[in-house]
Every structure is written in C-alpha cells, then in structure tokens.
Amino acid sequence: MRFRHSPEIWSAFPELTCGVLHAAGVTPEVDVTPRLAGCLGATRDRLAAGPEGGFPEIQAWRRAFTRMGCPPTRYRCAAESLLRRLRRDGDLPRLHPLVDLGNALSTRYAVPVAVLDLARIDGDLTVRPADGTESYLGLGGENEQPAPGEVIFADNSGHAHARRWCHRQSGASAVRAGTTEVLVVVEAMHERAAPTVRRMLDELAVALTEQWRAPARTALLSADAPEFAVPVRTG
C-alpha cells in the first residue's frame, strides 16, 4: 500500500507540508488522559489570547480552501472545526484513544490530522482531484458523490476517504474498537510548517511506543519524495 499526493496537488499547492505515520498493534484499551490534558490545556491558553481564525496555520488553510473554490467559512479544515468546538464546548468528544490524541494534537498545533484504519482502505491512497465517479460514506452512514475536481483521499476502488481535502473524513475508514493498523496523515500549509509537522509526528510516535508498545514509521513527504510505502504484513 502506498500513500501519496498527486502531481496536480503538489503543483497547485507547493507550500504543502505532509507528514505520514504508520503503526500496527493499536487497541482501544489505553488511557491517554494525561496526554490529552497537556495538549488541550495548551490549546485553551492559545484560544484565550484570540480566536482560531487569527492563527496563521488556520489562515493558510483558509487560503488553500479559497483556491479550491470552497468558501473557507463554510468548509473549514478539520483543525479549525475542532478548535471551534473546543472553544464553544470547553472539551472534545472521546471516540478512540488514538483518535482522541490525534484530535488533541490537531488543536494544539492548529494542523489537520487524519487517523485512518488501514484495513478499510483498498490498495493505494492518493490525495487527488475527484473524477466524479467516486463514492463517499459519511460518519452518519450517508452516501455521497464528490464533484469532479474536488480534492479527496481516494483508494483504488474509488472510495473517497475524505472530502474537500481535510474538511471531513469518511466513516468507511474511521478508527473503531477493532482497528489494529493505522495510517496517520498530518498536513500543513503555513510558513515553516515542516518543523511543526515533524514535532507532531514525533509526539505521536512516542505515544504509540510508550502506551501501545507499537513502534511507528514516519516520513515527511515533498514534491520530490511524494510517496510513503506501507509494508505488507505477513503475520
């Protein structure tokens, strides 16, 4: 299995920084509460100084959404949506310890994080413009068809695992209690994003090693090195 962005994406968004992490051995019986408290506490401190719309990380994604033809205050990147929810509700919902940790890190750094169940992805996963034939399963079970040109995460069977790039993930590959192997994608557009994305990957890798005993492989992708290969598990 390979993860990549298409050449069209790198050409249209040369400022993109993408980090990828792969790990196997994930279970839901892990308590990440202390890690969440640290991340969310730092996020609340940042929000106290001003709303998320002024964060440079969010402004960069708003510019990208505008260039995609998506009104940025109607379709928000996942990080902005989480920040808005945290500011409104004071907390985030608990879904699965790894997803919860990804969401907390996403708010702390104001950078979208996608956590995907690899067993539910058919073949390669490519971030690319849709051709209009792909199908998307919403988190509520609704079936949708992305419009041609919309940026999606597409697998070899034409399933869209995210719509409008990092706006909304699919229910098809959402992490659940039985998930064991994951692919985590961290994407940023702001100036000097690479150190931020690297830090986020490192923090996730440490958490997976310390709490799940699940060593992680990570990489930063670029237009010159756009592909991350996931080894086939034989056992």
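**Close-up views of a predicted model**

**View A. Strand β8, residues 159–163, contains His161.** In this predicted model, His161 has a relative accessible area of 1% and is buried. Its side chain forms a polar contact of 2.9 Å with the side chain of Ser173. Leaving aside residues up to four places away in sequence, His161 touches Leu116, Arg120, Ile121, Leu125, Phe153, Asp155, Gln169, Ser170, Ala172 and Ser173.

**View B. Helix α4 spans residues 78–89.** The 12 residues of α4 extend 16 Å from the first C-alpha to the last, close to the 16 Å expected at 1.5 Å a residue. After the helix comes Gly90, which has a positive phi, near 85 degrees.

**View C. Ala79, Glu80, Leu82, Leu83 and Leu86 are the buried residues of α4.** These residues lie on the same side of α4 because they cover an arc of only 160 degrees around the axis. An α-helix has 3.6 residues a turn, so residues three or four places apart point the same way.

**View D. The largest pocket has a volume of about 770 Å³.** Its lining is made up of 28 residues, and those nearest its centre are Leu82, Leu95, Asn103, Leu139 and Gln169. At least two lining residues come from each of α4, α5, β3 (113–117), β9 (168–169) and β10 (181–188).

Methods: Residues numbered from 1 in each chain as written. Predicted model: local features only at pLDDT ≥ 70, side-chain atom pairs only at ≥ 80, totals over all residues. Heavy atoms only, no water. Helix = DSSP H or I, 4+ residues; strand = E, 2+ residues; numbered from the N terminus. Expected span 1.5 Å × (residues − 1). Buried < 20%, exposed > 50% of the residue type's maximum accessible area, 1.4 Å probe, protein only. Arc of directions from axis to C-beta. Polar contact = N/O pair within 3.5 Å; in protein donor to acceptor, adjacent residues only side chain to side chain. Contact = heavy atoms within 4.5 Å. 1 Å grid on protein atoms, 1.4 Å probe; cavity = no way out; pocket = protein on both sides within 12 Å on 5 of 7 lines; lining within 4 Å. Points joined across faces, edges and corners; volume = space filled by probe spheres on them.
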